[in-house]
Amino acid sequence: MNIKENIKTLIIKKPLNLDCGKTINNYPLAYETYGSLNKNKDNAILVFHALTGDQFVTGINPITKKDGWWSYAVGPNKSIDTNKYFVICANVIGGCMGSYGPSHKNPDTNKIYGTDFPVITINDMVNAQVNLLDHFKIKKLFSVVGGSMGGMQVLQFISNYPDKASTVVPIACTSNHSAQNIAFNELGRQAIASDHNWSDGKYLSNNTLPDKGLSVARMAAHITYLSKKGLQEKFGRKLQERDALKFGFDADFQIESYLRYQGSVFVDRFDANSYLYITRAMDYFDLVKQFDGNLSNAFKKTKAKFFVISFTSDWLYPTQENKDIVIALNAIGADVGFVEIKSDKGHDSFLLDVPDFLKTLKNFLDKSYSER
Amino acid sequence: MKTEYKIIVDLIEEKTRVLDVGCDDGTLMESLKKNKNVDARGIEISKDKVQTCVSKGLTVIEGNAELDLKQFPNDSFDYVVLGQTLQAFVNPEIVIKELLRVGKKAIITIPNFGHWKVRLNLLIKGTMPITESLPNDWYNTPNIHMCTIKDFVKFSKIINFKIFKSLALTNKNISNINNSNLFYKNLFAELGIFLIEK
């Protein structure tokens, strides 16, 4: 993966002790910002991206030349209003958009890491990103916001740094992966590993790419981001540019063609080893276990105001898993609001044009900001 | 603001923690925050109303009182308010016990089924009463456990909770309910408002 020069990168000198036992230092953290930091430095929002996201939250992504992954929610006058807030987003470590990851060279061997890169956790990602606060001399963020794996980082962040954010917005997420979540991730990893080109993760040194495997991984994952009803309404049994079945294994159905397309464009922008590392981080995430079986203890030290959002048709991180976070917060009398947004768009609802969601997120942030 | 809400605001002491169960569009919570400086939380079953509350900057969780009170620890609020919804629950006894577990005190308001108009309605027409505060037909009403002010007072003895204060709302006038005027209040009040304790 070619890392273009127009990626802002912070070199973190402070050593980071990873959960796996290894320590990294002098590592790059790629980030982007939107809007401007005010004089009091109290209008900053740290946005955390999901599995396949990156730091290019909104506007045109300079690498892919496509809209940023959260263009519906972030921008001038949008839910996360960049006229008002200073939005920061970093590429997670283990990722492939400039932050320290498996496509980087190991300084000890001068070879590309591949699967020799240390296993990263959600905790490690958050501990790397907190350095951005020092960089911008921000004592306390106005908010930490993120959906899916971004939501996991939100929860981990406020647990690790209880005084560093005034409001906390975990969206469509969970405090730990279910067996089903792990199963889907394993399916993706095995698809990559079974691509001959993967070569135990050494494909970059061999100048090959496990495109097929990564594409299948993306196809499988993509299904989990949508709802059955949404798929049925959009595609049903419609045929792809043909009037009748061809009695073969081409993409007869539109849904097949759509998934193949999703897979093919994904491999252009994502690194297969990063996919392994990040899905592993999600599977390992267990905030309940980190606090000896009591999720409430993760939030005991914070006075932040929480707002949890889930979606009716999200079966990847269903409402009940989001509600478990609400229950844990209520058990300690924390300030927590919760709403389940009605949407047919599945887990992906938070990334899409779902007006009720966008309006609610905006209302929560703007009202909390004016009352701060 | 509804007279009912004004009475509730008067009953609640300043700077306390209040949970409004079925907080609707948050009108009562707003008034409590403004007038009594309380830390107000709400539970509301309607998504639209939760969103309205969020737009007002109120802390509300979408949920159902019968299922979602469980998550709150004992005595986590000074007051728990239940406005005109006791009659809609499958098991009012469990709900009252939950309110008094979660809150040190509870304020419950009930539309009075003993009101003379209701009685007359059934007596003369011979059909289930439809009034301003009870606008639904028998087959589509959410109110499955209607009671009168007298029934509620009796219920306090059956399931053993203390009525600390009982007020009647009659044509926007507020009056105290006691043993000697119970018969009349039960006939003329549209609404009963009760401050109760374990």
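Among contacts in chain A between residues at least 6 apart in sequence, 70% join residues at least 24 apart. Two residues are in contact if their C-beta atoms, placed from the backbone, lie within 7 Å. This is a predicted model: local features need pLDDT of at least 70, side-chain atom pairs count only at pLDDT 80 or more, and totals for chains, interfaces and linings use all residues. Residues are numbered from 1 along each chain as its sequence is written, while chains are lettered from A and ligands numbered from 1 in the order in which they are written.

**The two chains**

Chain A has 12 helices and 14 strands. Chain B has 8 helices and 8 strands. Helices (H or I, at least four residues) and strands (E, at least two) are DSSP runs, numbered from the N terminus. The table sets out further values for each chain.

| Chain | Residues | C-alpha extent along principal axes | Buried share |
|---|---|---|---|
| A | 372 residues | roughly 65 × 50 × 40 Å | 48% |
| B | 198 residues | about 50 × 35 × 30 Å | 40% |

A residue is buried if 20 or more other C-beta atoms lie within 10 Å of its own, exposed if 12 or fewer, and partly exposed in between, with C-beta atoms placed from the backbone.

How does each chain compare with a compact globule? A compact globule of 372 residues would have a radius of gyration near 21 Å, and chain A agrees, with 20 Å. For 198 residues the value would be near 16 Å, and chain B agrees, with 16 Å. The radius of gyration is taken over C-alpha atoms, and the globule rule is 2.2 Å times the number of residues to the power 0.38. In chain B, residues 24 or more positions apart account for 63% of the contacts with a separation of 6 or more.

**Where the chains touch**

The contact takes 19 residues from chain A and 14 residues from chain B. On the side of chain A that touches chain B, α11 (319-330), β14 (335-341) and α12 (355-370) each supply at least two residues. The residues on this side of chain A divide into 7 nonpolar, 6 polar and 6 charged. Here Ala, Val, Leu, Ile, Met, Phe, Trp, Tyr, Cys and Pro count as nonpolar, Asp, Glu, Lys and Arg as charged, and the others, Gly among them, as polar.

Strand β14(A) is largely enclosed by the rest of the structure, because 6 of its 7 residues are buried. Its partner is β13 of chain A (residues 305-311): 7 bridges join the two, which run parallel. Two strands pair if DSSP finds at least two bridges between them. One bridge partner in β14(A) is D335(A), which faces K305(A) in the pairing. From β13(A) the chain crosses through α11(A) to β14(A), and this β-α-β crossover is right-handed. That means that, with the strands pointing away from the viewer, the path from the first strand over the helix to the second runs clockwise.

Helix α11(A) has 12 residues and reaches 16 Å from its first C-alpha to its last, close to the 16 Å expected at 1.5 Å a residue. The expected span is 1.5 Å times one less than the number of residues. The helix is mostly covered, with 9 of its 12 residues buried. Among them are T319(A), N322(A) and K323(A). The buried residues of α11(A) pack against α3, β12 (165-171), β13 and β14 of chain A, together with β3 (59-62) of chain B.

Helix α3(A) covers residues 149-160. It is largely enclosed by the rest of the structure, because 11 of its 12 residues are buried. M149(A), F157(A) and I158(A) are among the buried residues.

S148(A) lies in the loop between β11 (141-147) and α3 of chain A. Is S148(A) buried or exposed? S148(A) is buried, with 27 other C-beta atoms within 10 Å. Its phi is near 60°, a positive value in a residue other than glycine. Most residues other than glycine have a negative phi.

**Two more residues**

Q84(B) also has a positive phi, near 50°. Q84(B) sits in the loop between β4 (77-83) and α5 (92-102) of chain B. Q84(B) counts as partly exposed, because it has 17 C-beta neighbours inside 10 Å.

I182(A) belongs to helix α4 (residues 179-193) of chain A. With 16 C-beta neighbours inside 10 Å, I182(A) counts as partly exposed. The C-alpha atoms of I182(A) and M282(A) are separated by 8.3 Å, though the two are 100 residues apart along the chain. Leaving aside neighbours within four places in sequence, I182(A) is in contact with H177(A) and D283(A).
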